[in-house]
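Please open the model in your viewer and keep the selection tool at hand. The tour below goes from one selection to the next and says what is to be found at each stop.

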Amino acid sequence: MMQAETQIIAHRGYWQTEPPTAKNSLQALENAQKLNIYGTEFDVRMSKDGVLVIKHDENHGTMKISETNFDDLEKQKLENGENIPTLKNYLEKGKKNPTLKLIIELKPIKSETKEDDLVRKTIQTVKELKLESQTEFISFSLNICEQIKKLEPTFKVHYLKGDLSPLEIKEKKLDGLDYDYSVFLKHPTWISQAKTLGLITNSWTVNDVEIFEKLKKQGIDFITTDIPDQLMNR
């Protein structure tokens with residue numbers, strides 16, 4: 001049987017361009033839209049006044065996102081001069097290229113109540129824009145993953161932390177494991193176990209051709225990378 005090709009997901013957009021742009025920026029999303037790849041990943045956090053913004057780090061400049069209102073966050077530009085994007089901005093731009101999957105990472109919050117709020121608001125935005133079939137979800141928080149499945153059982157949800165076996169992922173009724181590549185190198189049978197259980201496998205952040213080839217040989221479904229342009233035709 002022919003092995004399905006490992007597909008590529010751009011990590012925080014395709015930002016390592018010439019000239020380089022900011023990670024998680026609208027420009028990085030646009031760059032990813034020009035590549036013929038599976039998807040692009042981006043991080044979602046919630047401001048103090050409940051606005052969902054795209055940012056990996058918990059700080060934006062000197063401001064802590066969870067403790068700062070959106071109007072103040074907007075005053076600080078990204079490295080490329082853009083405003084910090086809202087989830088709505090980002091998804092609206094993502095919708096313009098329906099062939100590129102939008103992989104939404106919801107960042108953990110110490111309060112489960114706030115995590116549940118983040119999940120509800122994200123799902124609401126996705127549904128308002130009718131992007132159910134173009135989006136997938138990932139998180140290091142098991143609570144976030146389980147909440148998404150509880151509210152929307154058909155949404156694709158993958159767990160990031162790397163501490164659950166394929167069988168445990170299956171028992172939690174999640175769709176896949178999206179682990180740091182070191183986890184798959186340490187547990188070389190997990191990819192085939194996951195396949196047997198009907199789970200999806202992804203690995204981050206694979207920026208080394210040798211590691212990419214190793215995971216590919218093991219039959220991994222996806223890899224998330226900062227160098228999508230270099231790995232997409234290998």
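## Stop one: two helices in contact

Select Leu87, Lys88 and Leu91 in α3 together with Thr122, Thr125 and Val126 in α4, since these are residues that meet, where contact means heavy atoms within 4.5 Å. Of the residues in this contact of α3 with α4, three are nonpolar, two polar and one charged; here Ala, Val, Leu, Ile, Met, Phe, Trp, Tyr, Cys and Pro count as nonpolar, Asp, Glu, Lys and Arg as charged, and the others, Gly among them, as polar.

Before going further, note that this is a predicted model, in which local features need pLDDT of at least 70 and side-chain atom pairs count only at pLDDT 80 or more, while totals for chains, interfaces and linings use all residues. Residues are numbered from 1 along each chain as its sequence is written, and side-chain values use heavy atoms, with hydrogens and water left out.

Now show the whole of helix α3 (residues 87-95) and helix α4 (residues 112-128), which pack at an angle of about 35 degrees with their axes 10 Å apart. The axes are lines fitted to C-alpha atoms, for helices over the stretch in contact, and angles run from 0 to 180 degrees between N-to-C directions. Helices (H or I, at least four residues) and strands (E, at least two) are DSSP runs, numbered from the N terminus.

## Stop two: the buried face of α3

Stay with α3 and select Leu87, Tyr90, Leu91, Lys93 and Gly94, its buried residues; buried means under 20% relative accessible area, exposed over 50%, and partly exposed in between (1.4 Å probe, protein chains only). Seen down the axis of α3, these buried residues fall within an arc of 160 degrees, so they line one face of the helix, the arc being that of the directions from the helix axis to the C-beta atoms. Among the elements that cover them are α1 (26-33), β2, β3 (52-54) and α4.

## Stop three: aromatic pairs

Rings of Phe, Tyr and Trp (its six-membered ring) pair if their centres lie within 6.5 Å, with planes under 30 degrees apart counted as stacked, over 60 as edge-to-face and the rest as tilted. By this rule, the count comes to seven aromatic pairs. Select Phe42 and Tyr90, whose ring centres are 4.4 Å apart and whose planes stand at 40 degrees, so the pair is tilted. Phe42 lies in strand β2 (residues 39-46) and Tyr90 in helix α3, so the pair ties together parts that are 48 residues apart in sequence.

Finally, select Tyr159, Tyr179, Phe184 and Trp190, which ring pairs link into a cluster.
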